[in-house]
Amino acid sequence: MINLELPKKLRASANQAHQVATEIFRPISRKYDLAEHEYPVELDTMAAMVEGLADSGTQKIGGAAGGREDDSESDAHATELLGNSNGGNMSALLNALETSWGDVGLMLSIPYQGLGNAAIAAVATDEQLKRFGKVWASMAITEPSFGSDSAAVTTTAVLDGDEWVLNGEKIFVTAGQRSTHIVVWASVDKSLGRAAIKSFVVPRDAPGLSVARLEHKLGIKASDTAVLLLQDCRIPKDNILGSPEVNVEKGFAGVMQTFDNTRPLVAAMAVGVARAALEELRGILTDAGVEISYDTPPNNQHAAAAEFLRMEADYESAYLLSLRAAWMADNKKPNSLEASMSKAKAGRTGTDVSLKAVELAGAIGYSQRTLLEKWGRDSKILDIFEGTQQIQQLIVARRVLGKTSAELK
């Protein structure tokens, strides 16, 4: 029998994240939407809280807990008996969902909870996990010459003695100005193609790293999105994540493994925004006298009620797909297909639900009297970053049809 209830050990963490969303994020959501690039000082108290939770072994509040975790003896025994584990990835997904329900821009601004942290957790060695376990890492992949084609990286990394020298320009780096470290994708040998692309942990104070500008955006205005310049930027030799050897046979799979962890997290963010919009819309419809019934066929209900039921079904399917992708990661199952499925479904659902909620709420939805119009703007990026809707569908098609990237473009 399939049990769709959350595991008991994760409920406390998810509830804690929901309290943060309710008590801290929602009250200041509009404030930092209107004050773009202003640092949310209210998050300073969270930095100490997050560090304390990490030191105590409690799950993190934001989305950086994804990756590997050391199972307790009892958890390991339960996994051996039942063949089931709910660990860091599932916890990170639930926390990202709850905090994004509060405000996804603020969620992306939580100190020490960057997407780069999930990348480190996914591919770092045990020694690197100890060194970078308490950093705030953003992720720098996209460049001016490409958008979704991560294999087109032109930033270079050249080994010079005991240091890597990085050169290139990165754009749309979330938390690019505020984070303490940047996970940079760069090629160690352009002649070897995508197989030579590796990820490097670059400290904020590394010589040659600078912030060129901050972007003005449609949504997630509380989060800083930066353009970074790497000009003869030097970092220690052992700051390369994983092995420095180029495995042409393995190709791009090693560095792309990062997305198998982070895409379900972004899907959870979209699910959180969608749930927020649905809850707000339900209240508005109820106040307007529109009854939503689960016993009456949608075609026999008010048009707005029928639309609500359709969107709620999409939300539920996106939620379950996201849980599945995270569960597979926790249980060491290949989840590239499922990660892309969850990201594609949730990204599309997030924009559809939030914008339709604005429409159905009428003047209330389009005004700033509620957060509906803000969620409509915030949701769009969740269908774009970590791989666009089109890229996710392409990956799903390749996996289902058994095609390579060369065979199906």
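**Close-up views of a predicted chain**

**View 1. Lys332 lies in the loop that joins helix 8 (303-330) to helix 9.** Helices (H or I, at least four residues) and strands (E, at least two) are DSSP runs, numbered from the N terminus. This is a predicted model, in which local features need pLDDT of at least 70 and side-chain atom pairs count only at pLDDT 80 or more, while totals for chains, interfaces and linings use all residues. Residues are numbered from 1 along each chain as its sequence is written, and side-chain values use heavy atoms, with hydrogens and water left out. Although Lys332 is not a glycine, its phi is positive, at about 60°. Lys332 counts as exposed, at 67% relative accessibility; in relative accessible area, buried means under 20%, exposed over 50%, and partly exposed in between (1.4 Å probe, protein chains only).

**View 2. Ala175 occupies the loop between strand 3 (163-174) and strand 4 (181-187).** Ala175 has a phi near 60°, a positive value in a residue other than glycine. Its relative accessible area is 3%, so Ala175 is buried.

**View 3. Ile141 sits in the loop between strand 1 (137-140) and strand 2 (156-160).** With a relative accessible area of 9%, Ile141 is buried. Not counting residues up to four places away in sequence, Ile141 touches Phe146, Ser150, Val153, Lys170, Trp185 and Phe259; contact means heavy atoms within 4.5 Å. The C-alpha atoms of Ile141 and Ala152 are separated by 9.8 Å, and these residues are 11 apart along the chain.

**View 4. Arg11 belongs to helix 1 (residues 8-34).** Arg11 is partly exposed, since its relative accessible area is 42%. Apart from neighbours within four places in sequence, Arg11 is in contact with Glu5 and Leu6. Between the C-alpha atoms of Arg11 and Leu94 there are 8.9 Å, although 83 residues separate the two along the chain.

**View 5. Helix 9 (residues 336-361) packs with helix 12 (residues 389-401) at an angle of about 145°.** The axes of helix 9 and helix 12 are 9 Å apart; axes are lines fitted to C-alpha atoms over the stretch in contact, and angles run from 0 to 180 degrees between N-to-C directions. Residues of helix 9 in this contact include Ser336, Leu337 and Arg348, and those of helix 12 include Gln389, Ile395 and Val400. The residues of the contact divide into six nonpolar, six polar and three charged. Here Ala, Val, Leu, Ile, Met, Phe, Trp, Tyr, Cys and Pro count as nonpolar, Asp, Glu, Lys and Arg as charged, and the others, Gly among them, as polar.

**View 6. The largest nonpolar core has 80 residues.** Such a core is a set of buried Ala, Val, Leu, Ile, Met, Phe, Trp, Tyr and Cys residues joined through side-chain atoms within 4.5 Å. Phe25, Leu94, Ile120, Met269, Leu372 and Leu382 touch the most other members. Helix 7 (residues 253-287) supplies the largest share of this core, 16 residues. A second, separate core of 19 residues includes Ala157, Val173, Leu228 and Cys233.

**View 7. Over residues 69-81, pLDDT stays under 50.** pLDDT is the predictor's confidence in each residue, from 0 to 100. For residues 69-81 the model has 10 contacts beyond four places in sequence. Where pLDDT is low, the predicted coordinates should not be read in detail. The chain has a mean pLDDT of 89, and 89% of its residues reach 70 or more.
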